[in-house]
Amino acid sequence: MTRPFSTLSVAGAVPFALMALFTLGACSSSSTDPIVCDASARAGITVTIKDAETMAPLAANARGVVRDGAYVDSLTLTGPDSRAAAYERAGTYSVEVRLTGYQNFNTSGVRVTVGTCHVNAQVVSAVLLKVRS
């Protein structure tokens, strides 16, 4: 079952020169200061995983993967309600989450883009429905 999700995007075309100036201004105090990036790795996709009825976190026992063509990465636990994957990797992903006793969650078209220092990450909300017997 595919569930919709929301992402933010820039509407309209912005000339490259203006985008570069905006980026420099956002990352440093003046346009002559160098951009300083940290060495941390950022997840391209974070998936919050919750029970549809109670909104209780389910990430601890859930499993899942992200796929972009031949690339496959397992979602790793990052918090009580979240798992993440695709560290510092741009691409267009499908996301699958599974948990025994719940319907599988699948979505596609999750677009992670290259940023100035790190990828522009996406958050996907997986609200899982219990399987009724």
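**The disulfide and its surroundings**

Tutor: In this predicted model, the structure holds one disulfide. The bond joins cysteine 37 to cysteine 117, with an S to S distance of 1.8 Å. Its torsion about the S-S bond is about -65°, so the disulfide is left-handed. Cysteine 37 belongs to the loop between helix H1 (16-27) and E1, while cysteine 117 belongs to the loop between strand E7 (105-114) and strand E8 (119-120); the pair therefore ties together parts that are 80 residues apart in sequence. Cysteine 37 has a relative accessibility of 37% and counts as partly exposed. Cysteine 117 is likewise partly exposed, at 28%.

E1 takes its place in an open sheet of four strands, ordered E4-E5-E1-E9, with mixed pairing. Strand E4 (76-79) and strand E9 (122-128) stand at the edges with a single partner strand each, so one side of each is left without a neighbour in the sheet. On average, neighbouring strands of this sheet are turned by 35° against each other, direction ignored.

In one, the side chains of lysine 50 and aspartate 81 meet at 3.8 Å, N to O. This pair links distant parts of the chain, 31 residues apart: lysine 50 is in strand E1, and aspartate 81 is in the loop between E4 and strand E5 (82-87). Both are partly exposed, lysine 50 with a relative accessible area of 26% and aspartate 81 with 23%.

Another salt bridge brings together the side chains of glutamate 53 and arginine 132, at 1.9 Å from N to O. Glutamate 53 lies in the loop between E1 and strand E2 (63-68) and arginine 132 in the segment after E9, so this pair ties together parts that are 79 residues apart in sequence. Arginine 132 counts as exposed, at 60% relative accessibility.

A further salt bridge joins the side chains of arginine 98 and glutamate 96, at 3.3 Å from N to O. Arginine 98 is partly exposed at 34% relative accessibility, whereas glutamate 96 counts as buried at 19%. These two residues also belong to a network of salt bridges that links Arg67, Glu96 and Arg98.

Terms used: Residues numbered from 1 in each chain as written. Predicted model: local features only at pLDDT ≥ 70, side-chain atom pairs only at ≥ 80, totals over all residues. Heavy atoms only, no water. Pairing = 2+ DSSP bridges. Helix = DSSP H or I, 4+ residues; strand = E, 2+ residues; numbered from the N terminus. Axes fitted to C-alpha atoms, helices over the stretch in contact; angles between N-to-C directions. Disulfide = S-S within 2.5 Å. Buried < 20%, exposed > 50% of the residue type's maximum accessible area, 1.4 Å probe, protein only. Salt bridge = Lys/Arg side-chain N within 4 Å of Asp/Glu carboxyl O.
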